[in-house]
Amino acid sequence: MGFGLLFIGCFITYLGAIVPDISMFTYVLGAGVILLSLRTLMFENKLFLSSAICTLLLEIAGIAVLAMDVMSLSVKATAYIVFAYIRLALGLILILLLMLAIAKIAKEADDRKIRVKAIINTVFISVGILCTFLYEIVRIDAFRQVMGIVASIIQILYTVFALFIVFTCYMRLCYEDDLKMEKKTSGIPFLDFLNKLLDKAGSKRNKGDKK
């Protein structure tokens, strides 16, 4: 069940992050779901454990930003800006850690295709981090405008690619190899319902492959 919940959590967190108006909610909700998924995956390798720690910090930062926004604290307030930057940095570090963790578990499962895709996406994410960093530190308007566009495009690319990779892990690593990961329920009806939908999608795909 780990990769199923991870897909849902990443979907909420990183697609939501693309839309600033809802990101304060999606970071909190998505990070919570990712943390649930890592309860199982964190025992597979140390990079998933590092991802779990990063996710917990992201959840705390997300809650802080949301709380300050609900209290109508000015976005110009130092505390708000600091936590917003921390949340941004942790989100980028988390998705990078997840891709590295997937690359490692794919290597152990002898799945070269997933491993190569995860490594390629780490390159995309690294370029995205660089563009975001340059956008924040360089104060030349024309340069920032270009970097902002480039960073946004790369963000969409590595987010979609990451979701594809996690879903592929759910299909191949869980269903085909089972990799010592038991299917468990999260205890949250809505998430369990979404996971059942993924189960059905996986079952149909497996039947189709056998044919």
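**Helices, cores and enclosed space in a predicted model**

The side chain of Thr168 reaches the backbone oxygen of Phe164 at 2.7 Å. A polar contact is a pair of N or O atoms within 3.5 Å; within protein, one must be able to donate a hydrogen and the other to accept it, and residues adjacent in sequence count only if both atoms are side-chain atoms. Thr168 sits in helix H6. Its relative accessibility is 7%, so Thr168 counts as buried. Buried means under 20% relative accessible area, exposed over 50%, and partly exposed in between (1.4 Å probe, protein chains only).

The model is predicted: local features need pLDDT of at least 70, side-chain atom pairs count only at pLDDT 80 or more, and totals for chains, interfaces and linings use all residues. Residues are numbered from 1 along each chain as its sequence is written, and side-chain values use heavy atoms, with hydrogens and water left out.

Helices are DSSP runs (H or I, at least four residues), numbered from the N terminus. Helix H3 covers residues 46-70. H3 has 25 residues and reaches 36 Å from its first C-alpha to its last, close to the expected 36 Å at 1.5 Å a residue. The expected span is 1.5 Å times one less than the number of residues. Asn45 caps the N-terminal end of H3. A side-chain oxygen of Asn45 lies 3.0 Å from the backbone nitrogen of Leu47. H4 has 31 residues. From first C-alpha to last, H4 reaches 45 Å, close to the 45 Å expected at 1.5 Å a residue.

Two loop positions were examined. Asp110 lies in the loop between H4 and H5, just after H4. Its phi is near 60°, a positive value in a residue other than glycine. Asp110 has 69% relative accessibility and therefore counts as exposed. Ile18 is placed in the loop between H1 and H2. With a relative accessible area of 28%, Ile18 is partly exposed. Ile18 and Gln155 are 137 residues apart in sequence, yet 7.8 Å apart in space, C-alpha to C-alpha.

A nonpolar core is a set of buried Ala, Val, Leu, Ile, Met, Phe, Trp, Tyr and Cys residues joined through side-chain atoms within 4.5 Å. The largest nonpolar core has 46 residues, of which Phe3, Leu6, Phe48 and Ile102 touch the most other members. H1, H2, H3, H4, H5 and H6 each give two or more residues to this core. H6 provides the largest share, 13 residues. A second, separate core has five residues, including Ala64, Val65, Met68 and Tyr80.

On a 1 Å grid over the protein atoms alone, a cavity is a set of points where a 1.4 Å probe fits but cannot get out, whereas a pocket is an open set with protein on both sides within 12 Å along at least five of seven lines. Lining residues have an atom within 4 Å of a point. Grid points are joined across faces, edges and corners, and a volume is the space filled by probe spheres set on the points.

The largest pocket holds about 910 Å³ of space. Its lining has 28 residues, with Ala17, Pro20, Arg87, Leu88 and Glu136 nearest the centre. Helices H1 (2-17), H2 (20-41), H4 (78-108), H5 (112-137) and H6 (141-177) each supply at least two lining residues. H4 gives the most, with eight. By class, the lining has 18 nonpolar, eight polar and two charged residues. Here Ala, Val, Leu, Ile, Met, Phe, Trp, Tyr, Cys and Pro count as nonpolar, Asp, Glu, Lys and Arg as charged, and the others, Gly among them, as polar.

The second largest pocket holds about 170 Å³. Tyr85, Leu88, Ala89, Leu92, Ile93, Ile129, Thr132, Phe133 and Glu136 line this pocket. H4 and H5 each supply at least two of the lining residues, and H4 gives the most, with five. Seven are nonpolar, one is polar and one is charged.

A search of the whole structure finds one cavity of 30 Å³ or more. The largest cavity contains about 30 Å³ of space. Cys10, Tyr14, Ile95, Thr159, Ala162 and Leu163 form its lining. The cavity lining divides into five nonpolar, one polar and no charged residues.
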